[in-house]
Amino acid sequence: MEKRSNEELAVLAQKGDEDAFELLWKQTEGFVYNQIVELQAKYNFDIGRHMRDLKLCGKLGIAEGMERFDITRGYKFLTYAGWWVKKELMRYMAEEIKHQKEIPFAVCCGENILSPVPLMIPIFESFDTAFFA
């Protein structure tokens, strides 16, 4: 089988050709992996034990993008499907973070990390200043 473009494979897969979808997935798997690594670096998400699930979410994103892809608009397939891939990956990461027992420090403190937490100010004021001298 000669090499086909992602756009041609998406159109064939929309018509029900399962081999075309599998070939489309093989051709876009590297793109999905790059998206996973990019989001992992941006959000500090541990992908080690989640890699199979993240790949599956990427495949779901490719499938969603394939179903909604319209070749007559003139866009490249990966330009269009990339949004669906990111959406599925972000949905999975958000669900996993919700179930974590500890919240990352930067997330719970927001952007103003160096300012003291308001609840701790009365504790510091109650210390005897002579103790620290």
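**Entry 1: the whole chain**

I began with burial: of the 133 residues of the protein, 27% count as buried (under 20% relative accessible area with a 1.4 Å probe, protein chains only; exposed is over 50%, partly exposed in between). I am working with a predicted model, in which local features need pLDDT of at least 70, side-chain atom pairs count only at pLDDT 80 or more, and totals for chains, interfaces and linings use all residues. My numbering starts from 1 along each chain as its sequence is written, and side-chain values use heavy atoms, with hydrogens and water left out.

Next I looked up the surface, and the accessible area comes to about 9900 Å² (Shrake-Rupley method, 1.4 Å probe). Carbon and sulfur atoms hold 56% of that surface.

I then listed the elements and found seven helices and zero strands (DSSP runs, H or I of at least four residues for helices, E of at least two for strands, numbered from the N terminus). For contacts (heavy atoms within 4.5 Å), I took pairs at least 6 apart in sequence, and 62% of them join residues at least 24 apart.

**Entry 2: helix α1**

Which residues of α1 are buried? In this helix, residues 6–14, I noted Asn6, Glu7, Leu9, Ala10 and Ala13. Seen down the axis of α1, they fall within an arc of 160°, so they line one face of the helix (the arc is taken over directions from the helix axis to the C-beta atoms).

Just after α1, I spotted Gly16 with a positive phi of about 105°.

**Entry 3: α3 and its partners**

I looked at α1 against α3: their axes come within 9 Å and cross at roughly 80° (lines fitted to C-alpha atoms over the stretch in contact, angles from 0 to 180 degrees between N-to-C directions). α1 and α3 are therefore roughly perpendicular (65 to 115 degrees). Ala10, Ala13 and Gln14 of α1 meet Met66, Glu67 and Arg68 of α3.

Methods:
Angles under 35 degrees count as roughly parallel, over 145 as roughly antiparallel, 65 to 115 as roughly perpendicular and the rest as oblique.
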